[in-house]
Amino acid sequence: GTIRGFVYDKATGEPIIFTNVVLKGTTTGAATDVNGYFSISKVPVGQHTLRVTFLGYEDLEKTVTVARDQIATEKLFMVKASIQIGVVEISGEKQEAQTQVRMSVTKLTPKQIERMPAVGGEADLAQYLQVVPGVIFTGDQGGQLYVRGGSPIMNKVMMDGMVLYNPFHSIGLFSVFDNDIIRNADIYTAGFNAEFGGRISSVMDITTRDGNRTRMSGKVSASTFAAKALLEGPIKKQKEPGDGSSSYLFNLRHSYLDQSSKLFYKNVNDTLGLPFRFTDAYGKISFNGANGSKFNLFGFNFTDGVNYRGVSDLAWQNWGTGTNFVLVPAGSAVLIDGVFCFSRYGIELKEAELAPRTSEITSFNGALNFKYFLGDDEARYGVEMLGFRTNFSYFNELGRSFVQEENTSEIAGYVNYRKKLGKVIIDPGLRLHYYASLSVANIEPRFGAKWNISDNWRFKFAAGRYSQNLVAANNDRDVVNLFYGFLSSPENLPARVNERDGSSRELKDPLQRANHYVAGIEHDLSRELTLNFEVYLKDFRQVTNINRNKYFNDTPEFADKPDELKKDFIVETGRAYGADVQLKYEKGQLYLWGVYSYTVVDRYDGVQVYNPVWDRRHNLNLVASYAFGKFDAWKVNLRWNYGSGFPFTRTQGFYGAVPFNGDINTNYATSNADLSIVFGPLNDGRLPAYARVDAGVTKTWRFDEHKSLELDLGVTNALNRENIFYFDRVRFERVNQLPLLPSAGISFRF
C-alpha cells in the first residue's frame, strides 16, 4: 500500500518543507516537498508508526494501518518545542543527496537568506544570489545577474509559477521578492530537467508562503533604505487541525532612499547620489481543503525608478495576477498542480535630447503538472502554455529607429522519470517545445545521473538541449544596461551563421539555442562539513544580438551588401565553461560557506572572438553567520567577496568629427567638429579587481510566543574600497560603485 499526506506547522498551518517522514524502525521514508507533501509507496500491509522530526519542533509519531493496494492519507501537525534544550540536528539533506541528482541547484529558505548581512536592514534574495556558485553581478548599482556565462535574458524567473521579466531593482541590492513572503527558492544554474524550458541558461523558481490560518499576525519595519508592512491571517479559521480553511497575506514595501540618502549618505550625494526608488506590493488569498488540496489567488505591482542627475531617467512597472492550485485526488497516488497567470512589464528610458527608449511585454502563462511516487522512483509530466506581446521602440545615437510589435505563442509538453537502480539514480527527460508563431518544433532531450560511490562520495552528471524565443532589446557589449527591454526572436537576421573555423551554416530559425554539459562530485567530509565540486560547459549555438556594425538599410538598393552590414541583428556563437568549488560547514548556530568560481566566457560574431563584459574569471565568496545568547538573541553575519576585473574596450584616441548636419555641401573647414573616440580592440582590456566586505549584527527581544522586536545594524563595503563601476570616456573620469554605507533597521512582529 501507500502512505501519503502533508506535514504542517500546527500554529500557522504553513507546510513544513524538506523534512523526512519515516516508518519507525526502518530506513523507509520520504522527504516533504515545497507543499509539505510526502508519499511512501510499496509499504508492507499492517500497522506502522510514522515518525517526523524537525529542528525546533517536538518529535511527532502517528500509527497508520496499511491495506493491500490502498492509499492511506495522513495530515501531520508539528508543534514548536517550548523548552530550549541541547541542539540535536536531524536533517533529510543527506537522504535527498543520495536519492536525487541535484545537479547545479541551490535550494534556499528565508532562514538561509537571513545568514547574509542585511544590507539596508532587511535580508534579501538578491544579496544571497551573489554567493551562489557561478553567479556574477556586474555592479552594486544598476548591476545585472549573469549565471554561468549566460546573459540576463537567458535566465527564467518564476514566482508561484508566473514568469517575471525583471526580478531586480535598479540599485542591484534588492529583488522584488520580500524575504518575509518567500517559502522556498530553487536556483538552477545549468543542466536543469525537462520540467523547465524557454530559457537557455538558468532557472529561478520562487514559491511564496500562505497566510497564517489560525491567527492574525504581521510585521512592520523601517530602515535607512525602506519601510515595510506585512499583514496575514485567517479568513475562515480552521476549527481543528486538518479542517478546511482560508487565509490572506498582504505585503507592502516602499523605498525612500532617494530622500534618506540626503540625510544619511551625504558623502555619496555630493557625487552621483543614490537616486533610486521602488515600491513593491504583493497579495495572496489561499483556500485549503481538508484533504490537502489548495487553491491560491495572488497579485502584485512592482515599480522602480532611477534619476541620474538629469542625464538619464528610467522607470519601469511590472504588475500581474494569477492563480495556482494543488489537487490530491482520492484513491490515486498522483499529485496534480497547475498555474495560470497574466502580467505586464513596461520600461522607459529618457536620455538628454534623445527620443525615449520604450519596451513593453504583456504575457500569460499556464501549466498543468502530474507527479507520481513509485517507491524510490518518481514520474513527472505536464504541459505548459505561454503567450506574449512585445512592443519595442528604440533610437540610437544617430537617430535611426528600431521598432518591433509582435505577438508570440508557445506550447510545450514534457516527461521526466527518476529511477533508482541500486547505487545509481538516473533522471532522463524529454521536452517538446513548439513555437507556434515561428512554426518551429524543438525536441529537447535532458538527462541526469548520480552514482553513490559510497555513503560519503557521490558522482553526478547532467546534459541537455535548450532553446528560447525571447531576445534582449539591448546590446550585450554595453558595460551598463539600465534599460532592459524585450523582443521576440526577430526575422531580420543573416541567412547564414559563421563558425570559428571559417565555415558557415544555414540559419534555419531565429531561436536562441544552447547545449549544457555538467559533471560534479559531492563529498561529506564530516556530518557538519560538505564539499561540492562541479565543472560545466555551455555551448551557445545561436545567440541573437543587436548589430552595431549596421551601415546600410536593408533595402533593394543595398542588396549586394553583406548581411552583417545591413541586418538589424546578428547571430553569434559562444561558449561558457568553468568550475565551481563549494564548502559548507554547519554546526549548531555556526554557519560557514565558501565558494570559488572559475569562468571563461567568449563570443564569436562572425568576424572576431571577444569576451563579453561579464567574463569574470575568478570569483570568491566567504560567508560566516553565528547566533548566540539566550534563545539566540544575537546574530552576527559577515561576507567577503573578491572578483577579478571585467573586460572593457580601451580608448585609443580622440578626433574631431564633422557631423554634416546640413547636407553634403557642409564646409568641413569652417564647421565645428564634435569630439569622437577611437576605440581599441573589443574588450581587450581588464578593469581593476573588485572586493567588498559586508557586515551585520542583529539583536532580538522576545516579549512572548508571538511578539518580538528586532534591531539590525549593517554596513556595506565596510572597508570603503573604491570599486570601479565604469569609466566616463567623454569626461575622462572614473565612476565608482557604492562607498561605505552604514544602515540600520528596526522591525516588530506580532
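**Contacts, burial and strand pairing**

Author: Leaving aside its neighbours within four places in sequence, Ser644 is in contact with Arg616, Arg617, His618 and Ala689. The model under discussion is predicted.

Reader: Where is Ser644 found, and is Ser644 buried or exposed?

Author: Ser644 belongs to the loop between strand 38 (634-643) and strand 39 (647-648). Buried means under 20% relative accessible area. Because the relative accessibility of Ser644 is 11%, Ser644 counts as buried.

Reader: How many Å apart in space are Ser644 and Thr214, C-alpha to C-alpha?

Author: Along the sequence, Ser644 and Thr214 are 430 residues apart. In space, C-alpha to C-alpha, the separation of Ser644 and Thr214 is 51 Å.

Reader: Which residue makes a polar contact with the side chain of Lys219 through its own side chain?

Author: Lys219 is part of strand 15 (residues 217-223). Among the residues that Lys219 touches, not counting those up to four places away in sequence, are Glu122, Asp180 and Lys228. A polar contact at 2.9 Å links the side chain of Lys219 to the side chain of Asp180.

Reader: Is Lys219 buried or exposed, and what is its relative accessible area?

Author: The residues touched by Lys219, beyond those up to four places away in sequence, include Ser747, Phe748, Arg749 and Phe750. The threshold for a buried residue is a value under 20%. Lys219 is therefore classed as buried, its relative accessible area being 4%.

Reader: Why is strand 15 largely enclosed by the rest of the structure?

Author: Strand 15 consists of seven residues, and the count of buried ones decides the matter. Strand 15 is largely enclosed by the rest of the structure because the number of its residues that are buried is five of the seven.

Reader: What is the bridge partner of Lys219 in strand 16?

Author: Strand 15 and strand 16 (residues 226-236) run antiparallel and are joined by six bridges. A hairpin of two residues connects strand 15 to strand 16. Within strand 16, Lys219 has as its bridge partner Leu230.

Reader: Which residue of strand 47 stands opposite Val220?

Author: Strand 15 also pairs with strand 47 (residues 741-749), in the antiparallel sense and over five bridges. In strand 47, the residue opposite Val220 is Phe748.

Reader: What is the order of the open sheet of four strands, and which are its edge strands?

Author: The open sheet has the order 3-2-5-6, and its pairing is antiparallel. Strand 3 (29-31) and strand 6 each pair on one side only. The edge strands are accordingly named as strand 3 and strand 6.

Reader: By what angle are neighbouring strands of the open sheet of four strands turned against each other on average?

Author: The sheet in question has the strand order 3-2-5-6.

Reader: Which residue of strand 5 is the bridge partner of Val21?

Author: Strand 2 (residues 20-23) pairs with strand 5 (residues 46-52) in the antiparallel sense, over three bridges. Val21 has its bridge partner in strand 5, namely Val52.

Reader: Which residues of strand 6 are the bridge partners of Arg51 and Thr49?

Author: Strand 5 and strand 6 (residues 60-66) form an antiparallel pair over seven bridges. In strand 6, Arg51 is partnered by Glu61. For Thr49, the bridge partner in strand 6 is Thr63.

Reader: Why do the buried residues of helix 4 lie on the same side of helix 4?

Author: In helix 4 (residues 257-264), the buried residues are Leu257, Ser260 and Ser261. They lie on the same side of helix 4 because the arc they cover around the axis is only 110°.

Reader: How many Å apart in space are Ala412 and Tyr434, C-alpha to C-alpha?

Author: Ala412 lies in strand 24 (residues 401-421) and is buried, with a relative accessible area of 5%. Its contacts, not counting residues up to four places away in sequence, include Arg431, Leu432 and His433. Ala412 and Tyr434 are 22 residues apart in sequence, and their C-alpha to C-alpha separation is 5.9 Å.

Technical notes. Residues are numbered from 1 along each chain as its sequence is written. This is a predicted model: local features need pLDDT of at least 70, side-chain atom pairs count only at pLDDT 80 or more; totals for chains, interfaces and linings use all residues. Side-chain values use heavy atoms; hydrogens and water are left out. Buried means under 20% relative accessible area, exposed over 50%, partly exposed in between (1.4 Å probe, protein chains only). A polar contact is a pair of N or O atoms within 3.5 Å; within protein, one must be able to donate a hydrogen and the other to accept it, and residues adjacent in sequence count only if both atoms are side-chain atoms. Contact means heavy atoms within 4.5 Å. Two strands pair if DSSP finds at least two bridges between them. The arc is that of the directions from the helix axis to the C-beta atoms.
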